[in-house]
Amino acid sequence: MAEIERSAERDAAVVATLAHVPLDGWTRRALRAGLADAGLDPRDLDLIFPGGPIEAIEVWCDLADRRMAEALAAEDLAAMKIRTRVARAVMSRLGSVSGHKDAAGRALALLSLPQNAPAGARTAFRTVDAIWRAIGDRSSDISWYTKRASLGAVYGATLLYWLNDDSEGDARTAEFLDRRIEALMLIPKVQGRLKALGEKLPDPLRLFRRLRPAG
């Protein structure tokens, strides 16, 4: 999977766009307003975000992943149990877009459309992969797949719950997440099926090397 292009201009533009999403949605109009707010030329929209609103959403999700990783780097994760690390990482990832639930909900709705399924899959994969890497996972065998598949289901359910959580500090979301992690650990049959599926898939590191652009 090709890495997303990162730049200070793209980050600044997408952050500035967030203020316009509640009124205009994830649209070219919102992006042009965001570019202007960020001190960039709105006429450069197609240069900065060639893929339009969908690409801007991917940039925002990637920025949130990076902010999560930065926050976790300041914590003593080694002293935590793995399930605690996962929970802390998921809540940190949600916290990285705190204050923008409307924009997150609109982004999720847009990525859920059939024509945007590839972008939706990319953003979901990048996020669960970023979470595992942020908490120290360095696996390259079958467990690489099973961990990400399992966390993908947990994160997706938790994200949907969080979008409608109005409790202080997202306390109910944290409780929901703990239950999902507990349930996952109590279902070895599911983990067994995921492991069996992983055995049929190619080595992830070898796959990444093939997909990495030459040069």
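Let's start inside helix α8, which is where Asp 129 sits. A quick caveat before going further: this is a predicted model. Asp 129 has a relative accessible area of 9%, and since anything under 20% counts as buried, this residue is buried. Leaving out residues up to four places away in sequence, Asp 129 touches Trp 144 and Arg 148. Both of those partners turn up again in α9, on its side of the contact with α8.

**The α8/α9 crossing**

How do α8 and α9 pack, in terms of angle and axes? Helix α8 covers residues 117-134 and helix α9 residues 142-163, and they pack at an angle of about 115° with their axes 9 Å apart. That angle is why α8 can be called roughly perpendicular to α9. As for handedness, α8 and α9 make a right-handed crossing.

On the α8 side, the contact is made by Phe 125, Thr 127, Val 128, Asp 129, Ile 131, Trp 132 and Arg 133; across from them, α9 brings in Trp 144, Lys 147, Arg 148, Leu 151, Gly 152 and Tyr 155. Sorted by type, the residues of this contact come out as seven nonpolar, two polar and four charged. Asp 129 is one of the α8 residues here, and, as noted, it is buried.

**Ring pairs**

Now for the aromatics. Across the whole structure, a search turns up four aromatic pairs. Two of them look like this:

| Pair | Centre to centre | Angle between planes | Type |
|---|---|---|---|
| Trp 26 and Trp 60 | 5.6 Å | 35° | tilted |
| Trp 144 and Tyr 145 | 5.1 Å | 80° | edge-to-face |

The Trp 26 and Trp 60 rings count as tilted because their planes sit at 35°. This pair ties together distant parts of the chain: Trp 26 is in the loop between α2 and α3 (28-37), while Trp 60 belongs to helix α5 (residues 52-73), 34 residues apart. Are these two tryptophans buried or exposed? Trp 26 is buried at a relative accessible area of 7%, and Trp 60 is buried too, at 5%.

Over in the other pair, Trp 144 and Tyr 145 are both buried. Ring pairs also bring in Phe 125, so that Phe 125, Trp 144 and Tyr 145 form a cluster.

**Leu 18, in a loop**

Leu 18 lies in the loop between α1 (8-17) and α2 (21-24). Its relative accessibility is 6%, so Leu 18 counts as buried. Which residues does Leu 18 contact, leaving aside its neighbours within four places in sequence? They are Trp 26, Trp 60, His 100 and Ala 103, and Trp 26 and Trp 60 are the tilted pair from the table. Leu 31 is 13 residues from Leu 18 along the chain, and their C-alpha atoms are separated by 8.8 Å.

**The chain as a whole**

Zooming out, the protein chain has 12 helices and zero strands. Along the sequence, that reads as α-α-α-α-α-α-α-α-α-α-α-α. Of its 215 residues, 40% are buried. Take the contacts between residues at least 6 apart in sequence, and 66% of them join residues at least 24 apart.

Notes: Residues are numbered from 1 along each chain as its sequence is written. This is a predicted model: local features need pLDDT of at least 70, side-chain atom pairs count only at pLDDT 80 or more; totals for chains, interfaces and linings use all residues. Side-chain values use heavy atoms; hydrogens and water are left out. Helices (H or I, at least four residues) and strands (E, at least two) are DSSP runs, numbered from the N terminus. Buried means under 20% relative accessible area, exposed over 50%, partly exposed in between (1.4 Å probe, protein chains only). Contact means heavy atoms within 4.5 Å. Axes are lines fitted to C-alpha atoms, for helices over the stretch in contact, and angles run from 0 to 180 degrees between N-to-C directions. Angles under 35 degrees count as roughly parallel, over 145 as roughly antiparallel, 65 to 115 as roughly perpendicular and the rest as oblique. A crossing is left-handed if the near helix is turned anticlockwise from the far one by less than a right angle, and right-handed if clockwise. Ala, Val, Leu, Ile, Met, Phe, Trp, Tyr, Cys and Pro count as nonpolar, Asp, Glu, Lys and Arg as charged, and the others, Gly among them, as polar. Rings of Phe, Tyr and Trp (its six-membered ring) pair if their centres lie within 6.5 Å; planes under 30 degrees apart count as stacked, over 60 as edge-to-face and the rest as tilted.
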